[in-house]
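Student: I've got a model up on the screen and I'd like to go through its strands with you. Can we take it piece by piece?

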Amino acid sequence: MTSTAEVAPSAPGSSVATAVSTSKTFLAVEDGASDTHAQQAAAARRKRLVIIGSAAAVLVIVAIIVAVVVVKKNGSASSDSSSSAAAHTATGAGSSSPAAPTSANGTSLFAANALTWGGNNERNKVYPNSGLDPATVASSAFGRRATIRLPLSDPVTANGTDSVYAQPIVFSKDGTEYALIVTTGNNIYVVDGMKGTVVTAKNFGAPHRILEDPVFIKAQLDKDQQSAGTMNEGVCRDIVDFVGTVGTPVIDPTTNTAYFFSINVKPFPDQNTRSMLFHAVDSITLAERDGFPVTIAPAANNNPAMKFDPNLTYQRPGLLLSDGIVYGTFGGHCDLNQGFAGWLIGVDGKTGEILTAWSTVGISDIANGGGAIWQSGAAPALDEDGYIHLVTGTGLNPGSTSFYNDAPATKSNIPVNLHESYVKFAVDPVKRQAKVVDFMTPAKVQYYDFQDFDYGAGAPVILPASLRGPNGERLTCTMDKPGRSLIHKINDLGGYAGGTTTSPNTDQVLGLFDLGEYINSTMGVYQGYFGTPTVWTGEPDTTYFYYAVKYGPVVAMTWNPTTYSFDKVVGQSSFTFSKRTDNMNSIPGLTVVTSDGNKSGSAVVWVTDVFNGLYALNGVPENGNLKTLYHDDSFVGGQISRFNIPGFSQAGSGLVYVPTNNGTLLIYGKTN
């Protein structure tokens with residue numbers, strides 16, 4: 001353990017002060033936002049499209065001329081080069097499968113990068129170790145390098161707590177490593193990791209405050225969960241105090257643009273009137289791109305009677321960027337606001353046009369609502385063929401036949417309502433709109449609803465290509481709150497009630513593992529598992545799945561290639577996560593792995609505990625034990641937010657970024 005020193009932000013007059021000054025102008029504009037402002041933004045986007053279209057036409061003409069010149073100059077060499085490029089993008093000799101989809105700029109949509117939640121679109125949460133091998137992490141050379149006070153984020157005060165639920169997004173530009181940090185108070189920061197200083201800080205408007213929300217307070221009063229005039233610790237504390245920017249942003253490295261959503265409120269006395277804004281900003285200066293932010297208030301593509309209501313809706317999961325479209329997913333808060341729904345919103349990252357607005361509630365009767373998409377903060381997954389994968393949560397009317405009846409269903413007759421479901425989308429290449437093409441709903445969906453056994457507590461993970469099904473198909477893994485880890489065929493998720501009347505009470509899954517024996521069963525709906533496993537292949541024919549179990553240990557399980565499913569538990573941590581029966585916040589973070597590719601023995605498993613800080617474990621069990629390599633619980637005050645996962649670099653710095661909910665950012669790495 002190393003001693004820590006608080007690092008002050010940059011001096012006045014730096015980019016921090018400039019950004020704060022700029023934010024005042026932004027706030028003035030947003031507080032006075034009107035139809036005129038929206039029309040101006042739309043006009044700006046149309047003008048930009050005309051300019052882009054004209055420029056593109058010129059570029060095409062130039063490219064044709066250049067190509068002709070190159071062909072004439074190089075003769076057959078260009079043909080050889082084209083053949084080589086085709087060989088690199090093919091899926092395999094003789095394969096009829098399409099090559100991995102590419103974005104408009106030609107980059108792979110499926111490529112691993114550090115600019116999205118979990119490090120890549122598969123969401124397996126595996127990063128290069130960048131020198132963070134087990135021996136180094138366990139040595140005195142590793143420790144806390146800096147404790148940075150985030151200048152706009154007050155610690156716990158009477159005004160509330162400015163927390164961080166989003167993963168820090170780490171990126172490099174011009175040889176400098178930066179971390180993008182977003183807070184529930186709508187405060188956004190860019191930090192220089194090596195120097196340990198704040199480069200830019202900007203507030204993006206007043207956030208919603210939960211304890212001032214009459215709908216939330218009434219719902220708690222109705223449940224007799226308010227005591228002595230203050231919210232006690234036993235009520236739902238999914239997000240504490242402020243709800244501004246919660247979901248993890250995504251950065252487009254080709255344009256250095258960061259995207260995120262924020263909830264903004266009007267000044268008193270209209271502080272409970274909210275708007276949902278979509279931002280596109282420079283990833284370092286945080287300056288808003290032309291034509292942004294965009295107000296999110298569409299009607300659902302699949303049910304025009306369903307309107308997006310920012311007064312009922314929160315944005316929790318990380319964002320997905322695919323082919324220039326930024327996807328965000330949405331839901332309610334603690335299932336308290338009757339009429340909320342789950343949403344998948346797709347926005348053009350250049351123009352701000354809303355292309356997809358899909359709702360989990362597809363019937364015209366929208367009073368009940370339900371089916372939030374929250375996924376313990378994880379972002380939707382994207383597979384190699386460009387399909388989007390996500391899971392939905394609890395419905396609010398579990399006995400209603402308007403949601404499901406006893407009739408089985410398959411992907412050929414997809415139900416109009418998809419709460420408690422795994423949902424797969426295809427994106428129309430012309431309309432650029434996402435549409436449901438497959439799904440899986442547990443056969444006991446009504447029991448899930450009644451018990452609040454969220455099937456949507458853990459997002460889908462696309463398993464490595466080395467793990468295949470019986471017919472060579474790719475596989476995915478999901479988790480539910482009771483602790484069941486399920487394996488699905490990516491090309492046939494299974495439908496509802498097994499899709500067949502011969503086995504109406506079974507789920508058509510390839511494999512299942514129940515973490516039940518590791519889960520404390522005395523906490524009602526708060527028991528169980530929240531999040532996604534981390535999947536790492538690091539030894540010959542051995543793939544590990546790592547789980548952080550609430551009130552339990554970190555568990556490691558192996559894969560059985562013969563049964564196309566889980567094999568056995570091979571190790572667990574010597575500690576269990578903190579248990580606070582008076583506070584439902586004590587849910588651990590999600591596991592993350594850093595490794596030297598598939599090199600045996602190179603994996604380190606990282607995980608945070610709300611009250612007990614950061615842990616680093618050896619990824620390969622020794623006699624059934626995941627050995628603790630490093631532990632730091634000495635941070636000053638506050639906690640680490642639930643579901644939190646550290647941020648990591650892929651640029652070789654070996655830094656680990658851990659935000660807290662008391663206005664600080666902790667940076668770990670080699671200290672000497």
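Tutor: Start with G328: in this predicted model, its bridge partner in β20 is I345.

Student: What makes β19 and β20 a pair?

Tutor: Pairing takes at least two bridges. Strand β19 (residues 325-330) and strand β20 (residues 343-348) have six, in the antiparallel sense, so they count as paired.

Student: Why are β18 and β21 said to stand at the edges?

Tutor: The open sheet runs β18-β19-β20-β21, with antiparallel pairing. β18 (320-322) and β21 (354-359) each have a single partner strand, so one side of each has no neighbour in the sheet. On average, neighbouring strands here are turned by 20° against each other, direction ignored.

Student: On to β7. Why is it called largely enclosed?

Tutor: A residue is buried if its relative accessible area is under 20%. Five of the seven residues of β7 (residues 197-203) are buried, so the rest of the structure largely encloses that strand.

Student: What does β7 pair with?

Tutor: Strand β6 (residues 187-192), antiparallel, through six bridges. V191 has V198 in β7 as its bridge partner. The two strands form a hairpin with four residues between them, and G196 in the turn has a positive phi of about 70°.

Student: How do you know that β22 and β23 pair?

Tutor: Two bridges join β22 to strand β23 (residues 388-391), and at least two are needed, so they qualify. They run antiparallel, and L382 stands opposite I388 in β23.

Terms used. Residues are numbered from 1 along each chain as its sequence is written. This is a predicted model: local features need pLDDT of at least 70, side-chain atom pairs count only at pLDDT 80 or more; totals for chains, interfaces and linings use all residues. Side-chain values use heavy atoms; hydrogens and water are left out. Buried means under 20% relative accessible area, exposed over 50%, partly exposed in between (1.4 Å probe, protein chains only). Axes are lines fitted to C-alpha atoms, for helices over the stretch in contact, and angles run from 0 to 180 degrees between N-to-C directions.
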